[in-house]
Amino acid sequence: MMKRFSIFLVFLLSALAGPLTAGQLTVAPIRLHMGPTQPNATFTLTNGSNEDGFYQLQLFAWEQEKGETVLKQQHDLIITPPVTMIPGNSDQVVRVVRQRPTVSDKEKSYRLIISEVPDTESERGAQLKVLLRLSVPVFVGDKNQTHALTVTRQQNRFVIHNKGNGHARLVNAYWLDDKQQPHLIRKGLAGYVLPDSDLGFDYDPRDGQPTAISVTANGKKLTLPVEEE
């Protein structure tokens, strides 16, 4: 039985194609896809500071329960090195390595958590209380696996359901009223919907009667009718 982790995370995700950046640390790519038999893949971490940076790397299974992120221990993949010191203005390549086969009829999802940790040998570092934390998605599966999205309305809330076998990365989400006027839900990255999972958004019913959701999913613009639950 996998132990459930409760972790406070700062999800610094970009809707752009460039690297993921927070503070002086840059991570590329901002999301990773591995084939079901691919033995390994790499990330590049860049410390743009003039000072050395110390980082802990952890790789968790990623699930969604009622639209909330849940991270759990897993033994499919490992990240190496798990702890690293990156000199100022230098790069470090880290590797995601497969430990056992992950062939499945449904895409598997993981999160790489990169945490800046204090240098225990430095008096200044040991006094740090606020540390950088990044969360980067990792997906393992066949590239033919894809999402199948529907939308229902539950009181003053939209719920996007994914009945497919691959994730959906949602960008620039709007709802349309009965006059086809758009109302912004979220500009830029709206979130991910994993297979057999849901993602919800609140809306103000005083703005009109919703008939559809307009969203870009994995780079393709979709218009999804809103159904009553």
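The legends below describe close-up views of a predicted model. Local features are reported at pLDDT of at least 70 and side-chain atom pairs only at pLDDT 80 or more, while totals for chains, interfaces and linings use all residues. Residues are numbered from 1 along each chain as its sequence is written, and side-chain values use heavy atoms, with hydrogens and water left out.

**View 1. The largest nonpolar core comprises 23 residues.** A nonpolar core is a set of buried Ala, Val, Leu, Ile, Met, Phe, Trp, Tyr and Cys residues joined through side-chain atoms within 4.5 Å. Buried denotes under 20% relative accessible area, exposed over 50%, and partly exposed in between (1.4 Å probe, protein chains only). Phe 43, Leu 45, Leu 112 and Ile 114 have the most contacts inside this core. Among the elements that give two or more residues to the core are β5 (40-47), β6 (53-65), β10 (90-98), β11 (108-116) and β12 (133-140); β12 gives the most, with 4 residues. Strands are DSSP runs (E, at least two residues), and helices are runs of H or I with at least four, numbered from the N terminus.

**View 2. Leu 112 and its contacts are shown.** Contact means heavy atoms within 4.5 Å. Leaving aside neighbours within four places in sequence, Leu 112 is in contact with Phe 43, Leu 57, Gln 58, Leu 59, Ile 79, Leu 134, Ser 135, Val 136 and Val 138. A second, separate core has 20 residues, including Ile 160, Val 193, Tyr 203 and Val 226.

**View 3. Strand β9 (residues 83-86) has alternating side chains.** In a regular strand, side chains alternate between the two faces of the sheet. Strands β6 and β9 run antiparallel and are joined by 4 bridges; two strands pair if DSSP finds at least two bridges between them. Opposite Met 85 in β9 stands Phe 54.

**View 4. Gln 145 lies in the loop between β12 and β13 (149-153).** Gln 145 is buried, at a relative accessible area of 12%. Its side chain reaches the backbone oxygen of Asp 105 at 3.4 Å. Residues up to four places away in sequence not being counted, Gln 145 touches Ser 104, Asp 105, Lys 106, Glu 107, Asn 165 and Gly 166.

**View 5. Lys 72 and Glu 63 form one of the 7 salt bridges in the structure.** A salt bridge is a side-chain nitrogen of Lys or Arg within 4 Å of a carboxyl oxygen of Asp or Glu. The closest N and O atoms of Lys 72 and Glu 63 are 3.1 Å apart. Lys 72 is buried, with a relative accessible area of 17%, while Glu 63 is partly exposed at 30% relative accessibility.

**View 6. Asp 76, Arg 100 and Lys 108 are linked in a network of salt bridges.** The side chains of Lys 108 and Asp 76 meet at 3.9 Å, N to O. This pair links distant parts of the chain, 32 residues apart: Lys 108 is in strand β11 and Asp 76 in the loop between β7 (68-72) and β8. Lys 108 is partly exposed at 29% relative accessibility, and Asp 76 is buried at 8%.

**View 7. Lys 106 and Asp 196 meet in a salt bridge through their side chains (3.3 Å, N to O).** Lys 106 lies in the loop between β10 and β11 and Asp 196 in the loop between β16 (182-193) and β17 (197-202), so the pair ties together parts 90 residues apart in sequence. Lys 106 is partly exposed at 34% relative accessibility, whereas Asp 196 is exposed at 52%.

Notes:
Polar contact = N/O pair within 3.5 Å; in protein donor to acceptor, adjacent residues only side chain to side chain.
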